[in-house]
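Subject: Structure handover

Hi,

Here is the structure you were waiting for. My notes follow below it.

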Amino acid sequence: MKTEIKKINFFSLRKAKKILLSGGLIGMPTETVYGLGADGTNSSAVKEIFNVKGRPTDNPLIAHVHKDFDIESLVEIETPYVKDLIKAFMPGPLTLVLKSKGVVTEEAVCGGQTLAIRMPAHKGCQKLLKLVNKPIVAPSANLSKHTSPVTAEHVKNDLDGKISLILDGGKCLGGIESTVLDVTSSVPRILRAGLITKEMIEKVVGACEIAQHKEGDKVKSPGVKYRHYRPKCDAVLFKEEEIDKAIEFYNAKLAENKKPYVMCASYLKDNFQGKNLLLLGETDREIASNLYSKLLEGEKIADVIIAIAMPSEEGIFLGISNRLNKSCG
Ligand code: TXA
Ligand code: MG
């Protein structure tokens, strides 16, 4: 199968619709990362997502809908604060886990009772979802375990020959996946941290918990237990207070004739003068936005990425730190 990348326009959107409605898969942009979309009501299309990605079959998918879609046709909203969250953050990088009504096929929810719902803010993606007017299930459009894609080219690098169309909506600005929030109980719980932070959610609903995923736990969001986001080269993580150790490690790699790169926030760059650098930017948002593209750039040019951890685990840094720990830890 030939894989085409097409800019989003009248024609490519109609082509995408045709593929989706006939049970095929497409690459599609969102404001967080690119997704691998399929009709969420079509079992065989959904199964194909797991095949193409090599995704474990106990890891459920997120259903993506347009901003005027009647969410209550897919899930039950029993907890009163959910509507406030929808009003505050949707469309946007927030995914809500709710009780499923079974319209989205059981293959997508891996036989579970809940369905994760998200309304992407990306304009081109909204156009596609509106045109198709169905729940489109979409995991990140990478091979399982690899770094998530933030450009159409990144998708092609992983899925070339496996899907026929990738809609090109430019580089994803968010850069890390949506916040996954379990809203089936009286207090919402963050299952995966992202750009919509605990603090932002608390402003709307009062309280919000962060799920602690410990080894051996029966996890609520299976995706978090897998190795994830790994670049193809070696990658190691040092704390900010271990910069000396990181430099020692860098020099040792050079001595082995290896090509090391330091990946860090831009404000740390003076510590690494004369060294190969992958700079992530100054602010939490910039760093989130650049993280995956720098990992994917790094895997092409480096033998080993030496990442420096974030200064805190507050706000957006929590989501960034979770990804750094998995990709480089
Ligand atoms: O930003 C995003 O969320 C991107 C874009 C493409 O929308 N999608 C994405 O999908 O990151 P994926 O499949 O790579 O990650 C989905 C996460 C996984 O950790 C999965 O376990 C969790 O959401 N999840 C999905 N359905 C769930 C459910 N019913 N209950 C609990 N966790 C769920
Ligand atoms: Mg993913």
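**Glutamate 177 and its partners**

The side chains of glutamate 177 and tyrosine 292 are joined by a polar contact of 2.7 Å. Keep in mind throughout that this is a predicted model. Glutamate 177 has another such partner: a polar contact of 2.5 Å links its side chain to that of serine 148.

Where is glutamate 177 found? It is in the loop between β9 (165-168) and β10 (179-182). Glutamate 177 counts as buried, at 5% relative accessibility. Leaving aside neighbours within four places in sequence, its contacts are Thr32, Val33, Ser140, Ser148, Arg192, Ala193, Gly194, Tyr229, Tyr292 and Arg323.

**Aromatic pairs**

How many aromatic pairs does a search of the whole structure find? It finds three. One of them involves tyrosine 292 again: with tyrosine 229 it forms a stacked pair, 5.6 Å centre to centre, with 25° between the planes. Tyrosine 229 lies in the loop between β12 (209-210) and β13 (234-238), and tyrosine 292 in helix α8 (residues 284-301), so the pair ties together parts that are 63 residues apart in sequence. Are these two tyrosines buried or exposed? Tyrosine 229 is buried, at 7% relative accessibility. Tyrosine 292 is buried too, with a relative accessible area of 1%. Both tyrosines are also on the contact list of glutamate 177.

Phenylalanine 10 and phenylalanine 11 make another of the pairs. Their ring centres are 5.3 Å apart and their planes stand at 80°, so this pair is edge-to-face. Phenylalanine 10 and phenylalanine 11 are both exposed.

**Charges over rings**

The charged end of arginine 14 sits over its ring, 3.8 Å from the centre. Elsewhere, lysine 275 lies over the face of tyrosine 250, with 5.6 Å to the ring centre.

**Around ligand 1**

Which residues come nearest to ligand 1? Of the 27 residues around it, they are Thr32, Arg55, Asn59, His64 and Ser178.

- Threonine 32: a polar side-chain atom lies 2.6 Å from an oxygen atom of ligand 1.
- Arginine 55: a polar side-chain atom lies 2.8 Å from an oxygen atom of ligand 1.
- Threonine 114: an N or O atom in its side chain is 3.0 Å from a nitrogen atom of ligand 1.

Threonine 32 is also in contact with glutamate 177.

**Helix α2**

Helix α2 spans residues 43-53. Its buried residues are Ala45, Val46, Ile49, Phe50, Val52 and Lys53. What covers them includes β3 (35-39), β8 (136-137) and α5 (152-159). Just after α2, glycine 54 takes a positive phi of about 70°.

Asparagine 157 has its place in helix α5. It counts as partly exposed, at 44% relative accessibility. Its C-alpha atom is 9.7 Å from that of leucine 143, 14 residues away along the chain.

**Cysteines**

Cysteine 172 is buried, with a relative accessible area of 1%.

**Helix α9**

One last residue. Serine 321 is found in helix α9 (residues 316-328). At 6% relative accessibility, serine 321 counts as buried. Neighbours within four places in sequence aside, it is in contact with Met310, Ser312 and Glu313.

Best wishes

Note on methods. Residues numbered from 1 in each chain as written. Chains lettered and ligands numbered in written order. Heavy atoms only, no water. Buried < 20%, exposed > 50% of the residue type's maximum accessible area, 1.4 Å probe, protein only. Helix = DSSP H or I, 4+ residues; strand = E, 2+ residues; numbered from the N terminus. Contact = heavy atoms within 4.5 Å. Phe/Tyr/Trp six-rings, centres within 6.5 Å; stacked < 30°, edge-to-face > 60°. Lys NZ or Arg CZ within 6 Å of the ring centre and 35° of its normal. Near = heavy atom within 4 Å. Polar contact = N/O pair within 3.5 Å; in protein donor to acceptor, adjacent residues only side chain to side chain.
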